[in-house]
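The two exercises below ask you to work through how parts of one chain meet each other. Please look at the model first, and then follow each solution step by step.

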Amino acid sequence: MREIHFDNIVSALRQLCIDANVEIRPDTVEAFHRALVQEDSDVGREVLKQLIRNAEVAKEQRIPFCQDTGYAVVFVELGQQVHIVGGSFADALNEGVRRGYQEGFLRKSLVRNPIERINTGDNTPAVINTEVVPGENLKISLLIKGAGCDNVSALRMFTPTEGLEAAKDFIVATADRAGPNASPPFVIGIGIGGPFARAALLAQKALLWPVGKPNADKALAAVEEELVERINRLGIGPAGFGGRITALGVHIEVHATHIASFPVAVNVDCHSHRGKEVVL
Amino acid sequence: MNICETIYIETPLTRKTLKRLHSGDQVQIFGGIYTARDAAHARMWQAIKQGKELPFDPKGQVIFYVGPTPPPPGHVIGSAGPTTASRMDAFTPMLIERGLRGMIGKGRRSDEVRKAAMQYGCVYFGAVEGTAALLSGCIQTAEVVAYKDLGPEAVLRLTVQSFPAVVVNDLYGGDIYAEGRNKYQRPWPD
């Protein structure tokens, strides 16, 4: 049995919130540079250069690279040999978010209730997904989810005979509908399988993958590659001003599903793509 | 469009200035602008319905759809990129009818907004959401003018210098989102 203290979890999450918002992921910056090589549109190239420059300025000045410092979505892999001491695990994660958003001068973007719409004032509560795994490590992955792109995300329950081809059309149509509203070029997470809710969770989790890294499953990697090509052919381009690059990466997660179902969820992320992890 | 040619424009905007602008033009904005997003627009709409005064006279002014991050020590404002403009569409024509001349945001506008903008004279500018740290550096002053209780959604008056934007919808029906897409769209399969 290994003990991990409440305070260590608080400080780890505080730091993750700040770092994820001020330091753009190296894989995202690499994706911007790859896009710059492929982009023909002058204005598209100019937007990509500004994104690269923006990342540098944010890091230098320790200010967020996007003003929507988003929803804190936490994916936890909790080793079954770990014992958390000093307080409740959920409280530790929320306290880390509270401190990170307060001390890091991040925007508090959550309202307590969608109908009343009163700001919670500290960007809590975090969304916490916990999986218990073998071992004695605690892995915390933080996804920062902005709303402009989340608002254009979609889920559809296809029938098994409609299958993959219908799913691909739906994914491309979702990116098309997202268009300039969701800040392209996008990173797109796809969840296929499970019952309804699992597909959405998988789509969100797929956003944690390194941008543009092909799937380990060769058949899925081919589908991802085709989807990137088809989405790029929409011509929406960087910031929607027209261009060759509309998607930086498409990542698919699959799960078992019911014999009657073919669920497909599409979680769109904008070019301010944020995720970071720590292992305690 | 030629991105090397930047058009410099000063607020408050005049119809003469707007007439020079065409979709796809790269501009830099100088002068005072106001911030307002979802909750502030809902309140301004209430104010108009109840016959009350707006927090500022929209005549000749520019609204920037933004909810900035809090200013760290030594900064006048935090990061400040545009939010999705379509969420303000329902409230926008009433402001355009009252003299609003410019809007800065991201994403497509409704037919009603574009129609009102052409009729009364208002241009929609697109800024790049993922340049919030760069845009912050173009903001020289920021003061709350209304709805302070809305936190990041309060109405601020900003003074901006060399604030970069692209003309999305001009007075002539131009739309860079449609024009840009048409130029680069390719069929699938080949």
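**Exercise 1.** Describe how domain 1 of chain A and domain 2 of chain A touch.

*Solution.* Nine residues of domain 1 of chain A are in contact with nine residues of domain 2 of chain A, where contact requires C-beta atoms, placed from the backbone, to lie within 7 Å. This is a predicted model, in which local features need pLDDT of at least 70 and side-chain atom pairs count only at pLDDT 80 or more, while totals for chains, interfaces and linings use all residues. Residues are numbered from 1 along each chain as its sequence is written, and chains are lettered from A and ligands numbered from 1 in the order in which they are written.

Next, consider the side of domain 1 of chain A that touches domain 2 of chain A: β5(A) gives the most to this side, with three residues. By class, this side has five nonpolar, two polar and two charged residues (Ala, Val, Leu, Ile, Met, Phe, Trp, Tyr, Cys and Pro count as nonpolar, Asp, Glu, Lys and Arg as charged, and the others, Gly among them, as polar).

**Exercise 2.** Work out how α2 and α3 of chain A are arranged.

*Solution.* The axes of α2 (residues 26-38) and α3 (residues 42-61) of chain A come within 10 Å and cross at roughly 155°, which makes α2(A) roughly antiparallel to α3(A) (the term applies to angles over 145 degrees). Among the residues that meet are A:V29 and A:F32 in α2(A) and A:L48 and A:I52 in α3(A). The residues of this contact of α2(A) with α3(A) divide into eight nonpolar, no polar and two charged.

Methods:
Contact = placed C-beta atoms within 7 Å. Helix = DSSP H or I, 4+ residues; strand = E, 2+ residues; numbered from the N terminus. Axes fitted to C-alpha atoms, helices over the stretch in contact; angles between N-to-C directions. Parallel < 35°, antiparallel > 145°, perpendicular 65-115°, else oblique.
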